[in-house]
Amino acid sequence: MAASAHAPVSEPESAYAWARLCASLVLMTLGGIGMYGVSVALPLVQAEFGVARSAASFPYAATMIGFGLGGILMGRLSDRFGVMVPVLIGGLCLGSGLIAAGHAGSLTQFALAQGLLIGMLGTSATFAPLVADTSLWFTRRRGIAVAICASGNYLGGAIWPPVLQYFFDTSGWRATYTGVGLFILLTMIPVGFALRRRPPSLASLENSTLKANQQKTIDVPPNALLGLLCLAGVACCVAMSMPQVHIVAYCGDLGFPAARGAEMLSLMLGFGVISRLLSGWICDHIGGLRTLMLGSALQGIALLLFLPFDGLASLYVVSALFGLFQGGLVPSYAIIIREYFPPAQAGAKVGLVIMCTLLGMALGGWLTGVIFDLTGSYRAAFLHGIGWNLLNLAIASTLLYRSLRARPLPA
């Protein structure tokens, strides 16, 4: 071990573990600005630089790709040095990246700031490493603990869009980006020091897992299982990205003010917090694979509801249902990895699968813009997302079937 090898440790499920979870929730909520800020700014960035919708969607894609690649890097740093190191790097780079994006002179500069500083080196440190670290501090209540941590991402999505839209309208998007960057520098770094302790020993974790009867097996080779989880992550998030990335622009095309779209995004992600907490509770009772399949089926239903309903009131309702139905999908991958892979591999493997979910968000956000430019409407984009969702549902169903065929390992 490196720098913090001699730091004190605590046991799983301890009072310190819960206090640490609270700090992780705060950090993930703050880090959500990197993911959701660019969605709210999309129409303003398009107007500022005079580009097509697909080109204006590229900074979001760059952010998600950077977010995903950075998750692997930050996960490895977390496995080796402890999660505090990537969190401190992330706070510094996220704050600096927001300031740089606010001063960008071209769409290319804006996309570079979003992709490199905000996505790869900033927000990435506040998702996969925190989720993986949380999974190491809990055994019997791992599902709900991971869900609470991961809900910070959606809590940030519920808080940041209306706040940003208000300041975009009153101060402009450039001044807002700069001000938020300074705020991140002053808050994330101090909170990051609360995570300085190392997790319990791996031997202790293995014994706790066995005692909790959570060691599972599946009739799929480990590398194939990881590959299928990565593909499932891409598929579910291509489908998920369409409403999350384009709801503000979609409302504008329907003749509604951008502020209504920002409210729908906030509502969607606010209900996503509820969804993640419920899914965490469900995970503790039925396991990660069943939770993944349930979430995939419900997300497909919500996407179908966007097709016939495009009135203002109905869009608020469908946005809330979409958030409620799909919020537990991404955290379930972390639970599946902890159920079927050793604890020592948690950071890197969770980072890899989370990278694939973010790649799906990036690909879906960009492809939706392309489909809109080709067809002039979002109807085809919704159908495109539903197709990807069916692929995710097929993978989840197959893995669940193969897990039921396998005999569980003795505790």
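Predicted model: local features only at pLDDT ≥ 70, side-chain atom pairs only at ≥ 80, totals over all residues.

Q: Where is Gln165 found, and with which residues is Gln165 in contact, leaving aside its neighbours within four places in sequence?
A: Gln165 is found in helix H8. With neighbours within four places in sequence left aside, Gln165 is in contact with Val40, Ala258, Ala259 and Ala262.

Q: At what angle do helix H2 and helix H8 pack, and how far apart are their axes?
A: A pair of helices is described by an angle and a distance between axes. Here helix H2 (residues 33–49) and helix H8 (residues 142–171) pack at about 35°, and their axes are 8 Å apart. The crossing of H2 and H8 is right-handed.

Q: Which residues of H2 and H8 meet?
A: From H2 come Ile33, Met35, Tyr36, Gly37, Val40, Ala41 and Leu44; from H8 come Asn153, Tyr154, Gly156, Gly157, Trp160, Pro161, Leu164, Gln165 and Phe168. The residues of this contact of H2 with H8 divide into eleven nonpolar, five polar and no charged.

Q: How is the direction of H11 relative to H14 described?
A: The crossing angle is the guide. The axes of helix H11 (residues 222–253) and helix H14 (residues 312–326) come within 11 Å and cross at roughly 155°. That makes H11 roughly antiparallel to H14, because angles over 145 degrees count as roughly antiparallel. H11 passes H14 in a left-handed crossing.

Q: Which residues of H11 and H14 meet?
A: Met240, Pro243, Gln244, Ile247 and Tyr250 of H11 meet Leu315, Ser319, Phe322 and Gln326 of H14. The contact of H11 with H14 divides into six nonpolar residues, three polar and no charged.

Q: Why do residues three or four places apart in an α-helix point the same way?
A: An α-helix has 3.6 residues a turn, so residues at that spacing point the same way. With this idea in mind, consider the buried residues of H9: Trp173, Thr176, Tyr177, Val180, Gly181, Ile184, Thr187, Met188 and Gly192. These buried residues pack against helix H1 (15–31), H2, helix H5 (84–102), helix H6 (107–120) and H8. Helix H9 (residues 173–192) has 20 residues and reaches 27 Å from its first C-alpha to its last, close to the 28 Å expected at 1.5 Å a residue.

Q: How many residues of H15 are buried?
A: Twelve of the twelve residues of H15 are buried, and H15 is mostly covered. Among them are Arg338 and Glu339. Helix H15 (residues 329–340) reaches 17 Å from its first C-alpha to its last, close to the 16 Å expected at 1.5 Å a residue.

Q: Is Thr123 buried or exposed?
A: At 1% relative accessibility, Thr123 counts as buried. Thr123 lies in the loop between H6 and helix H7 (128–136). Leaving aside neighbours within four places in sequence, Thr123 is in contact with Gly31, Gly34, Met35, Phe67, Leu94 and Ile118. Thr123 and Val38 are 85 residues apart in sequence and 12 Å apart in space, C-alpha to C-alpha.

Q: Which residues does Thr368 touch, not counting residues up to four places away in sequence?
A: On that basis, Thr368 touches Met242, His246, Tyr378 and Ala381. The place of Thr368 is in helix H16 (residues 346–375), and at 1% relative accessibility Thr368 counts as buried.

How values were computed
Residues numbered from 1 in each chain as written. Heavy atoms only, no water. Axes fitted to C-alpha atoms, helices over the stretch in contact; angles between N-to-C directions. Helix = DSSP H or I, 4+ residues; strand = E, 2+ residues; numbered from the N terminus. Left-handed = near helix turned anticlockwise from the far one by under 90°. Contact = heavy atoms within 4.5 Å. Nonpolar A, V, L, I, M, F, W, Y, C, P; charged D, E, K, R; others polar. Expected span 1.5 Å × (residues − 1). Buried < 20%, exposed > 50% of the residue type's maximum accessible area, 1.4 Å probe, protein only. Parallel < 35°, antiparallel > 145°, perpendicular 65-115°, else oblique.
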